[in-house]
Protein chains: 2
Amino acid sequence: MIRSSDLLESLLKGDARSLARAITLVENRLPDGMALLQQLFPHSGRSKVIGITGSPGAGKSSLVDRLAAFYRRQNCKIGIVAVDPSSPFSGGAILGDRIRMNALATDPGVFIRSMATRGNLGGLATATADVVRVLDAAGRDPVLVETVGVGQDEIDIVKLADISIVVLVPGMGDDVQALKAGIMEIGDIFVINKCDRPGVEKMERAIQALLSLDHRTDGWVPPILKTVATEGRGIEELAEAIAKGYEFLQNSPLHRNKKREAAKERLLSILREELAQKTMNAVFPGDRLEQVIDEIVRREKEPHTVVDEIIRRVKIDA
Amino acid sequence: MIRSSDLLESLLKGDARSLARAITLVENRLPDGMALLQQLFPHSGRSKVIGITGSPGAGKSSLVDRLAAFYRRQNCKIGIVAVDPSSPFSGGAILGDRIRMNALATDPGVFIRSMATRGNLGGLATATADVVRVLDAAGRDPVLVETVGVGQDEIDIVKLADISIVVLVPGMGDDVQALKAGIMEIGDIFVINKCDRPGVEKMERAIQALLSLDHRTDGWVPPILKTVATEGRGIEELAEAIAKGYEFLQNSPLHRNKKREAAKERLLSILREELAQKTMNAVFPGDRLEQVIDEIVRREKEPHTVVDEIIRRVKIDA
């Protein structure tokens, strides 16, 4: 058992085992973890957080692995958080975690954490933000946050990044539906991966057309890069674009505002979660919740009415 | 201005204009809408709710349109709810709503509602459930709920359906990543759309392989159907499979349990939302929230600490 103050100290020194332990505490929302998060706060906010998102099957994992290898060659100690919000049932991707490049998996300079299940009380974005904070305080820089998918959860998650990369592939994306408004608006850099496949030009035109609809007021023009991640092609160019974009965006008022909004959403999401937990424990003692659900299923009670009754019992001190 | 009791009455008779008005009230969470929802409750639960989900670009809209046309030929008055959770910024799909088949758009027997933005306080699944309830009480049967995407939101939304169809296309899905655990577990029927494209057999094998991992205890074997929605091919077979599946699942304890879980999640999600609203108004008067966010951004305050302070002020009457 590591004492909490010792854990903080060794974590700030970058010790990998303390990092693993700290993340577990934080992920499981244990009291020690929450205390640690508060202690870490002043020591965080220094690392570059790079978000990578895109459609399933776009090759994000390979891209992240190659980027990680690139940063390792520059002697960075890095963190990778791989988030898969769409696996609520099995708690992970089918076939287990994808197989990471061997070199990365055994390199203590690369800390990889997969996050799959989202808690009953919501808040995968919050949990991801907390894990990123731990990695950040432990000196992991950059921290790569990879999300599988293109839904709201992924957008919330990517919002915590300093710079976001949207990964697309030729063929999939010539369908306009695949290029969602949300995903276009969060992309600071676009990558057409698997660019050895046919349809690259079409894809590029589609991205450009959608970007031209976007009224970005800070002057940043999201570059469109082409990679073949499995062969390592285009990775250096991508890393360059990331560095350039990061520098630009740090000074962009639009970007600062985006980060502020992300901080707000995160606060509200933690608040919602904690509120629900406290109230639930009080209003549904024992198996009362299950009884109420049975009544709803039998159509004896209407859910909004049930909620109204509970809400009336909640008082907030001035 | 329609009186609330008149609205209820004409809605229950199936009047299309009342339906539109009721849905607007409910969607905007207006007091009249919430009251209406409670009044509707005993009159709902009769329609078949069919969920349709799958990757972007799988052709769900065309499939839904063809299914709708099929049900119309059987003289059903139907409802369609098209949900796109991944468009939080623009409040809708790029290029506006997709163009529905002309015949459907002008047919009063087809009521189509698009839902795009999700409220700040979450709960797109709840809002969808509420809209479905209105359609259900108004005698729309079946109600087709279509979601764009494969994230957590979509899974939550599809859970409210009596039977769920997962739409895939050849080529996209030979990548195992595209077939997520969550999506496989909610699928009662699988459709390989655009089956005139190469890769159908491979896709079918991939689905079967994943289904064989799934330990479904109720004996239902999800069929895999092939369609070319744009040409109307395979639609009748799909409608038959839906009818057969619906009957089977109504008597499946596994399915009943799933519906119960969905009811539970819905109750908790409404509760979380209402709780947050009530508390937020009390603890952040005026621009207090914005001040707190500024303090967090300046790293003077830590978000979990802020939440702890608020939570301590919340009291629940016994």
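## Helix H2 of chain B and the residue after it

B:Arg29, which follows helix H2 of chain B, has a positive phi, near 50°. Helices (H or I, at least four residues) and strands (E, at least two) are DSSP runs, numbered from the N terminus. The model is predicted: local features need pLDDT of at least 70, side-chain atom pairs count only at pLDDT 80 or more, and totals for chains, interfaces and linings use all residues. Residues are numbered from 1 along each chain as its sequence is written, while chains are lettered from A and ligands numbered from 1 in the order in which they are written.

H2(B) covers residues 16-27, 12 residues in all, and spans 16 Å from its first C-alpha to its last. This is close to the expected 16 Å, the expected span being 1.5 Å times one less than the number of residues. Its buried residues are B:Ser18, B:Leu19, B:Ala22, B:Ile23, B:Leu25 and B:Val26. They line one face of the helix, because they fall within an arc of 160° when seen down the axis of H2(B); the arc is that of the directions from the helix axis to the C-beta atoms. A residue is buried if 20 or more other C-beta atoms lie within 10 Å of its own, exposed if 12 or fewer, and partly exposed in between, with C-beta atoms placed from the backbone.

## The sheet of chain B

In chain B, 7 strands form an open sheet with parallel pairing, ordered E3-E2-E4-E1-E5-E6-E7. Strands pair if DSSP finds at least two bridges between them. Strands E3 (110-115) and E7 (224-226) of chain B are the edges, each pairing on one side only. The twist averages 20° from one strand to the next; axes are lines fitted to C-alpha atoms, for helices over the stretch in contact, and angles run from 0 to 180 degrees between N-to-C directions.

Strand E1 (residues 49-54) of chain B pairs with strand E5 (residues 163-168) of chain B in the parallel sense over 5 bridges. B:Gly54 stands opposite B:Val167 in E5(B).

## Loops of chain B

The peptide bond from B:Asp141 to B:Pro142 is cis, with omega near 5°. B:Pro142 lies in the loop between helix H6 (124-137) and strand E4 (143-147) of chain B.

B:Asn75, in the loop between helix H4 (60-73) and strand E2 (78-83) of chain B, has a positive phi of about 65° although it is not a glycine. B:Asn75 counts as exposed because it has 7 C-beta neighbours inside 10 Å.
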